[in-house]
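Colleague: I have not seen this one before. Can you walk me through a few parts of it?
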Amino acid sequence: MSTIVLSSIFGQAGSIFGPIGQIIGSELGALLGAQLDGAMFSLDAEQKVTHGARLKNLQVQTSTYGRTIPIIYGTARVAGNIIWSQPIKEEAITTKSKIGRGMNVTYNYYATLAIAICKGKVEKLNRIWADTTSLSFDEIDYTFYSGREDQNPDPFISSIEGEKNVPAYRGISYIVIKNFPLADYNNRVPVFTFEVQTILKPSGFSVVENIRNINIIPGSGKFVYDTKIQKKIAQEKISSNQYIPYGLAQRVNHNNHTKKSDAVLSLDQLKGDLPNVERVSVVVNWFVNDLNIKDCKIYPAVEFQDDSAILPDDWQVGSSTRDDAQLISKDASGNPRYGGTVSDAALIRYIEELRSRGYKVMLYPMPLLDTKNKEWRGRLSGTPEDISDFFKNQYNKFIEHYASIAKQTKVEGFIIGSEFVELTKIRDEKGNYPAVAELVKLAKQIKLQLGKEVTVTYAADWSEYHSYDGWYNMDELWSSQYIDVVGIDAYFPLTDGPEPPFGYSAEDVMGGWSSGVGYDYFYDYSKNEPEKIKYNDSRYAWKNIEKWRSETHINPGGSKTKWQPKMKKIWFTEYGFPSMNGCTNEPNVFVDKGSIESKYPRYSNGEVSFLSQKIAIEGTLKKWQSSEMVEKMFLWAWDARPFPYFPNLCDMWTDCHNWQTGHWIQGKLSQLSISDVLSDLLQKAGLKSDQFDTSGIKGLLSGYVINDQQSVRSIIKMLQSCYFFDVVEQDSKLKFVQKGRGVTTVMPIGETVFSNNSKLVNISQLDLNNKVNIVYFNRNFGYPIDVKYAELPKQGTAITVEIPLIMEEGEAQNIAEVLLYSSWQERNIYNFKLPIRYAWLVPSDVITILDGEKKHTVRIIKTKFESMAIQVSGVGYDSSIYKLSFPSTRSLMLKEYPPYHISKTIIEMIDLPYVKGNSVSFTLINEEKDWKGATLFISYNDKDYKPIASTNKQSTYGYVMESTDEGLVIVLRFGKLLGIIDSNSALIGKEIVKFQNAELIDKNKYKLSDLTREQKGTKDATGEKFILLDDSIISFEVRRGKKFYLKAVTYGDSLDNTEAKVLNN
C-alpha cells in the first residue's frame, strides 16, 4: 500500500476543507513516523507537551528559566530571553539652580543585560528595536555573539561575575547590552527585539556563491555612492555669493540604523550575500534631454540648487557646481525624475573603498534620457551628418570626464558606451557606419589614456552586437586593437511561451542559451501576427554567440570584415532577469510607470516571482561558468542603497515601487530554498539523507521562527499549505512531490471499476468555505502580523488560517487563493479499481478519466493492491490553481520611516560682556531633529569627566541679515522667536541688545524692533551672530588659567562616543 502520508494543513479529521484527512489518514512507517513525531527540540522526560505549527507574537521578551530558544530560518524579527542582568544603574546630576541659591538634582537610569536570541549561528544582526522604536546602532553599546561553536565567554560579564562563572553560550546567538538609557521608556527595561538572518548551505548548486561579477547601481543620486555621511541643510541667500544655513540638518546618504553610510553598509551586505564577487562595475549617469542627437545636450545635473546646501562636501562634477548645474526635470507629481549625477568626490571615495576591500573595479558611464517618457538610450538617433558633432561636442566630454577619474583611481576596466542600438545601425552614403567609427576613435583615445592594464570595451545590446540586416556593422569596433573584449548586455530571450506553474528548471534555462528564438528561428513582425520562421542560414542566428565568434564575417556584398575567428573573449557586461513570471522570455524588460519603456515579459501573467529570477540566474551561471568563450559575466544589479531600507523607505526613494518586479537581487537571492529547509528539518529530526528526497520541491522562504515544542510532522504540514506539495512514503523513504504537475496518463472510464451502489465521483457533503483568511507576518515595515484573504461568490463560511511564516503580502494573497480554490476542487472524491497493469501508479500521480465528452482529472492520494487489481482513492484536481508567483502589492496602510539618529550637540562658547571672575558661558545647539537634550561633562585631563550641567532646551541663534535705524532683520539657524516678548535680550557680536518686538516676515526670518542698544554698539550689525539670552545659556565657573575639556553628551548617546572640545580660561 502507498499513501500520501502528510495531508495539507487542513487535512485533519473533521476538516472544514473536506474529508481529505479522513481519506488519506496519517499512515507512516514505524521508523519514519516516530522520527517525524519527535519534537523539533529535545524534550525532557517530564516535558512531553508539543504544539502544532501556529502563529504567535514573536516580539514578547521573557526572562524564563527553561524557555525554548527559537530556531530561525532566513530573516526574522524576534524577542529574546534575558539570560543575565545587572541592577538598574542610577546616575545623579547636581547643578546650580537658575532661580535662587539652591541646587538641582536630576537622575538618569541605565540597564545592563544579556539576551539570548536564537539557537544556531546567525549570519547577520540587521536591526534592533526597543519596544516599537527602531534603534540606531550608534545609540546602543553592545556586543553581539553569532552563536558559533567556538565563541568565548563575554569579557564584560566575566569581569563582573568572574571568569570561571560565565558560560560561553556556544551554539546560542546572544547580545550583551551595556548602560542602555531608560529615560525614553519611563525608566523601565524595554522589550528588545532583533532582526537576524541565518543561512543554510545549499544541498546543490549555490547561486550566491557562484556570482563573481556584479553591476552596482543606481548611477544617479548625488551622494548615493559616498562613504562619508553627508547632511542637507536649508540656506538663506543674503548676498549674490553668500548663504546662511538655517534649521536642522537632514542626513542624505545615511538612511539605515548603523553608523555607516548607505553605500558602505550595502558593500558589507554585498560581501555577506555574495562572498565570491571579484569585480564590480560601477554605473554613473549624466543626462540627455532629447532623443534627436542634433538637438540634445549631455550634462551632469542636480535636483535642487539655491534652497539647500550639502555639508561637509557640496556637489561638484568636473567644473560644474550646484549653482550652475542643470536641473533634473520633474514628473507630474513634482518629483525629480531621477536623482542627480553622483558627485565626483563621492564617486572617487567609493572606488577607493571598493579597491580597499579587494574588488577590481570597472567604471560604467551611462547616459539617461531626462525626458517626459524616460526613453531608453537605445532610442537616440539622428542623421549620418549629425553623428560627428554629437560625439565631439557632447558624448565624448562625458566619457573623457570619467576616463580621468578612472585613471586617477586606477580602475581595472572602463566602458566607453552602451546600447546605442539606433545610432550604430545608421549608414551613410558610402556604406559606412559613422557612429561605429566614432566609437573606434573614442576607444583609441581612452585606451591610450588608461593604458594596457585597463580593459576597455563597449557594452553592446544583445540585439546590436551581431549584425544589422546581414551587415556586420559592429565589426570595425570589435576588431579594433583598442577594444580588449567584446562586451554584450546579454538579455537574450531564453524561453518562448507561458511559464510552467512552478517555473522553469535551471536545465531549461541552460538549454535556452543554445536553442529557441534567435538560435533556431526568429519572428517576422512585419505581419499582423508575428510569424515564426526557421533560419535558413544559422550565421544570422543572433543568439548563437559561439558561431558568431568562431567564424569569419562576410557582408552581403561579399566583403570580409576585419574580425578574425576567436580573436577576442566575450564579457557579458550585463546579464540579469526581472523578478517576474516569464522573466526568461524577455530578460531586458522592466516595469516603471514613469517610463514609456515599461512592460511585462511576453506571455507573463504579470506577477512577481523571485523564484523565476533565481532559477534564471542559476541556469545562466551553470551554462557559462566554465566557458572558454565567455570570460566575465556582470550580473545586473546590486544597489548601493542597502536592503531593506531600499525599497521600504518610499518617501526617500520614488523607485521603491519597482523593486518587487525589477532586476534587483538584494532581498531576493538571499532567501532560502524550501527544499533545503525541509532537508534541514528532516535531518534535525534524525533522518539520514538517503531516507528522504526533497529535491523536487520549489519555493523560497523569507523567514520562519520555530519557538515552540513542535513535531516535524506539524511543521511540514504547515509548509505544505504554503508551497503546495505532497509527501509520499515509498520503500521506507519519504518523497516530496510538487503539486501543479501535468497529467501522468489518460484512460477511458471503462478501465475503472466501482461498486454497484456507488459511482465514480462523490461530492463531499461537508460545508465548504467561501472565504479564507491568511494570518501571517508581513516581511516589510517591521514584521507586523497581517491578514490577506480570498473569497468566492458562493454560500459558505469563512475560515482563518494562521501561517507563522514571514512573507510578502502578495505571497499570502496567493496562498489564500490556492487553498480556497483547491478545497473546492477536492470536494470531488474518487474511489475505484484499476487493472493490475496500472500498478505503476503511485500517490501524487495525476490521471485523467474520459467519460464521454466529460473529463475527470484526479490526483491520487492512496493506492492498495487487491486481488490482481489496484484500489485507487483520489480527489479532484486542477493544475492551473497551483503557482508560486504572486501579485505585486504593498499595503498603503503600512509605512516605514527613516531611522532616527542621535543628533550631536554643538558647544559654542560665548563672550558675554561685563562677566567677571572665572565664569564661562556656553550655548548648546542640536544639529538634527528629535534632539531630547544633553548633559555637559567637564574634565581637566580628558579622562575623569564629571557632569556639570544638563538641559533639554537648545539655544536660539542666527545671523543679522540687515541692520537699519528701524530695527534688525535676522535669519535664525536654530530655534524660533514668537510674537511680542517683553525685554528680550540678545548678544549681537559683542553687544547686548534688547528688543520688544519680533515679527516673523519669512521662513526663519524675523524683524526685531523697539531696540535698546549699548553706547559702544556699532550701527551696522549685518553679518554678526545673533544669540538669544535666555535660560538655555549655560554658565559655570572653571579653574583660572587651566585648560579644560567639555563633552556635550546628547541624551541616548555615550561619553565615549562624544568628541571633546578643548578650551582655555
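## A few strands and a patch

Modeller: Leucine 850 is a residue of strand β41, which covers residues 846-851. Keep in mind that this is a predicted model.

Colleague: Is leucine 850 buried, exposed or partly exposed?

Modeller: Leucine 850 is partly exposed: its relative accessible area is 33%.

Colleague: Which residues make the nonpolar surface patch with Leu850?

Modeller: Val743 and Val746 make the patch together with Leu850. The area of this patch is about 230 Å².

Colleague: New topic. In what order do the four strands of the open sheet come?

Modeller: The order is β47-β46-β55-β56, and the pairing is antiparallel.

Colleague: Why is one side of β47 left without a neighbour in the sheet?

Modeller: Because β47 (946-951) stands at an edge and has a single partner strand. β56 (1061-1064) stands at an edge too, also with a single partner strand. On average, neighbouring strands of this sheet are turned by 30° against each other, direction ignored.

Colleague: How many bridges are there between β46 and β47?

Modeller: Five, in the antiparallel sense, with β46 spanning residues 934-939. In one of the pairs, phenylalanine 937 has proline 947 in β47 as its bridge partner.

Colleague: And the hairpin, how many residues lie between β25 and β26?

Modeller: Six residues lie between β25 and β26 in that hairpin. β25 takes in residues 521-524 and β26 residues 531-534, and the two pair antiparallel over four bridges.

Colleague: Which residue in β26 stands opposite tyrosine 523?

Modeller: That is lysine 532.

Conventions
Residues numbered from 1 in each chain as written. Predicted model: local features only at pLDDT ≥ 70, side-chain atom pairs only at ≥ 80, totals over all residues. Heavy atoms only, no water. Pairing = 2+ DSSP bridges. Patch = residues over 30% accessible without salt bridge, like charges linked within 9 Å, V, L, I, M, F, W, Y side chains within 5 Å. Areas by Shrake-Rupley, 256 points an atom, 1.4 Å probe, with all protein chains shown as cover. Salt bridge = Lys/Arg side-chain N within 4 Å of Asp/Glu carboxyl O. Buried < 20%, exposed > 50% of the residue type's maximum accessible area, 1.4 Å probe, protein only. Axes fitted to C-alpha atoms, helices over the stretch in contact; angles between N-to-C directions.
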